Amino acid sequence: VSTQSTWGFNYHLESIKEKDVEDFHAYLNSQPLVRQQYANGKTLEFEATEKRTAQFSDRYNPKNKEGLYLYSGFIVSDADNQAFLGVANLGGSGKNDGHAEMAFLNRPDAWSSATPEVIRKYAVPKDSKLKHNYNGLGTAEVSSLLQYASLLKKQGHQIQGKELEGVNATARVDNPGSWKSCAKAGMEIIDVDCNQAYGPELRYQ
């Protein structure tokens, strides 16, 4: 799916394939700056990224013995020059309550808040194709995932065996880039709490 954001850049979402593991790991999962406010705050080994990529990819496989499971992940790129920007995904909430859980990770040199200092700390080789900081990328991703979830619901695709009732997201209170993206896309805060699986930090839900 390719579309234009309100902020003037064209972005592309494409279902994750196993070939995407190198970019997924190099730009995101191996980077402390990317992972420090996500989940448990730790980077992942390549094998863990490889396993996650295969899991996402397999959900789209029509030969999957359990059938297609379209609540999965997308590679996000610049539609004009194919520069890798991040990963956005929609999956089960872990509560098996008819709600999907969304998440997104973007490379820091594409953050709207990226300062020269932040970009210097980002350890991957600089990609000359990044022509600006992609202001509004997170909001565009959230909006796209919400639209995708609505389409899946209309088409009767269940989440963990149940009809889709809604989409949840969690974001650390000290990660405004994440929760502001959700709010700007129309999501509402329903709780502020800690997720013990990830640590003591407060998170908006």
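Tutor: Happy to! Let us begin with a term: a residue is buried under 20% relative accessible area, exposed over 50% and partly exposed in between, using a 1.4 Å probe and protein chains only. This is a predicted model, where local features need pLDDT of at least 70, side-chain atom pairs count only at pLDDT 80 or more, and totals for chains, interfaces and linings use all residues. Residues are numbered from 1 along each chain as its sequence is written, and side-chain values use heavy atoms, leaving out hydrogens and water.

Now look at tyrosine 27 and phenylalanine 84, which are both buried. Aromatic pairs are rings of Phe, Tyr and Trp (its six-membered ring) with centres within 6.5 Å; planes under 30 degrees apart count as stacked, over 60 as edge-to-face and the rest as tilted. The structure holds 3 such aromatic pairs. In the pair of tyrosine 27 and phenylalanine 84, the ring centres are 5.2 Å apart and the planes lie at 25°, so this pair is stacked. Because tyrosine 27 sits in helix α1 (residues 21–29) and phenylalanine 84 in strand β4 (residues 84–92), the pair ties together parts 57 residues apart in sequence. Helices (H or I, at least four residues) and strands (E, at least two) are DSSP runs, numbered from the N terminus. Elsewhere, Tyr60, Phe74 and Tyr148 form one aromatic cluster.

Helix α1 also has a helical partner. It packs with helix α3 (residues 46–59) at an angle of about 125°, and the two axes are 9 Å apart. Here axes are lines fitted to C-alpha atoms, for helices over the stretch in contact, and angles run from 0 to 180 degrees between N-to-C directions. Angles under 35 degrees count as roughly parallel, over 145 as roughly antiparallel, 65 to 115 as roughly perpendicular and the rest as oblique; α1 and α3 are therefore oblique to each other.

Which residues of α1 and α3 make the contact? From α1 come Val21, Glu22, Phe24, His25 and Asn29, and from α3 come Phe46, Thr49, Glu50, Arg52, Thr53 and Phe56, where contact means heavy atoms within 4.5 Å. By class, this contact of α1 with α3 has 4 nonpolar, 4 polar and 3 charged residues. Ala, Val, Leu, Ile, Met, Phe, Trp, Tyr, Cys and Pro count as nonpolar, Asp, Glu, Lys and Arg as charged, and the others, Gly among them, as polar.
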